[in-house]
Amino acid sequence: MTKAQIESRVEGWNWNMNIFEIYDELRDGHTGQEQEELLTHAFNFFNKDSAIADLASHFGITIETDEDSPIPC
């Protein structure tokens with residue numbers, strides 16, 4: 001997926017899907033790489049929402065936050 005496609009997809013989740021529907025979409029319709037890209041963007045787009053972080057963890061994805069970065073952001 002391109003960056004624009006990722007942004008568009010995540011923005012489409014806003015107010016339209018609950019976390020369970022997002023889970024189903026990620027599980028059934030995306031590769032592991034796409035899941036990681038989508039969830040990383042979603043985590044930042046939704047202001048570091050803990051539900052997105054929990055969902056990422058369920059898929060075995062660790063989202064690197066600014067606090068985790070060795071370089072100050």
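Predicted model: local features only at pLDDT ≥ 70, side-chain atom pairs only at ≥ 80, totals over all residues.
In which kind of crossing, left-handed or right-handed, does α2 pass α4? The crossing of α2 with α4 is right-handed.

**The overall layout**

Let us start with the whole chain. Its secondary structure comes to four helices and zero strands, and from the N terminus on the elements run α-α-α-α. Of the 73 residues in the chain, buried residues make up 27%.

Next comes the inside. In soluble globular proteins, nonpolar side chains tend to be buried together. Here the largest nonpolar core has 14 residues, and the members that touch the most other members are Trp13, Leu26, Leu38 and Leu39. Each of the helices α1 (3-13), α2 (19-29), α3 (32-45) and α4 (50-58) supplies at least two residues of this core. Which helix gives the largest share of the core? That is α3, with four residues.

Not counting residues up to four places away in sequence, Leu39 touches Leu26, Ile52, Leu55, Ala56, Phe59, Ile61 and Ile63. One of these, Leu26, is also among the core members that touch the most others.

The table sets out the packing of two pairs.

| Helix pair | Angle between axes | Distance between axes |
|---|---|---|
| α2 and α4 | about 30° | 11 Å |
| α1 and α3 | about 55° | 9 Å |

With an angle of about 30°, α2 is roughly parallel to α4, because angles under 35 degrees count that way. On the α2 side, Ile19, Ile22, Tyr23 and Leu26 take part, and they meet Ala51, Ile52, Leu55 and His58 in α4. Sorted by class, this contact of α2 with α4 has seven nonpolar residues, one polar residue and no charged residues.

The other pair packs at an angle of about 55°, which makes α1 oblique to α3. The crossing of α1 and α3 is right-handed. From α1, the residues in contact are Ile6, Glu7, Arg9, Val10, Glu11 and Trp13, and they meet Glu37, Leu38, His41, Ala42 and Phe45 in α3. By class, the contact of α1 with α3 has six nonpolar, one polar and four charged residues.

Is Glu25 buried or exposed? Glu25, which lies in helix α2, counts as buried at 16% relative accessibility. Leaving aside neighbours within four places in sequence, Glu25 is in contact with Arg9, Trp13, Met17 and His30.

Gln35 has its place in helix α3. Gln35 is buried as well, with a relative accessible area of 10%; the cut-off for buried is under 20%. With neighbours within four places in sequence again set aside, Gln35 is in contact with Leu26, Arg27, His30, Phe59 and Ile61. Glu25 and Gln35 are 10 residues apart along the chain, and their C-alpha atoms are separated by 9.5 Å.

**Residues in the loops**

Finally, let us visit the loops. Thr31 lies in the loop between α2 and α3 and is partly exposed, with a relative accessible area of 45%. How far is the C-alpha atom of Thr31 from that of Met1? The two atoms are separated by 10.0 Å, with Thr31 and Met1 30 residues apart along the chain.

The loop between α3 and α4 holds Asn47 and Lys48. Phi of Asn47 is near 55°, a positive value in a residue other than glycine. Lys48 also has a positive value of phi, near 60°, and is likewise a residue other than glycine. As for accessibility, Asn47 counts as exposed at 67%, whereas Lys48 counts as partly exposed at 38%.

Note on methods. Residues numbered from 1 in each chain as written. Heavy atoms only, no water. Core = buried A, V, L, I, M, F, W, Y, C linked by side-chain atoms within 4.5 Å. Buried < 20%, exposed > 50% of the residue type's maximum accessible area, 1.4 Å probe, protein only. Contact = heavy atoms within 4.5 Å. Axes fitted to C-alpha atoms, helices over the stretch in contact; angles between N-to-C directions. Parallel < 35°, antiparallel > 145°, perpendicular 65-115°, else oblique. Left-handed = near helix turned anticlockwise from the far one by under 90°. Nonpolar A, V, L, I, M, F, W, Y, C, P; charged D, E, K, R; others polar.
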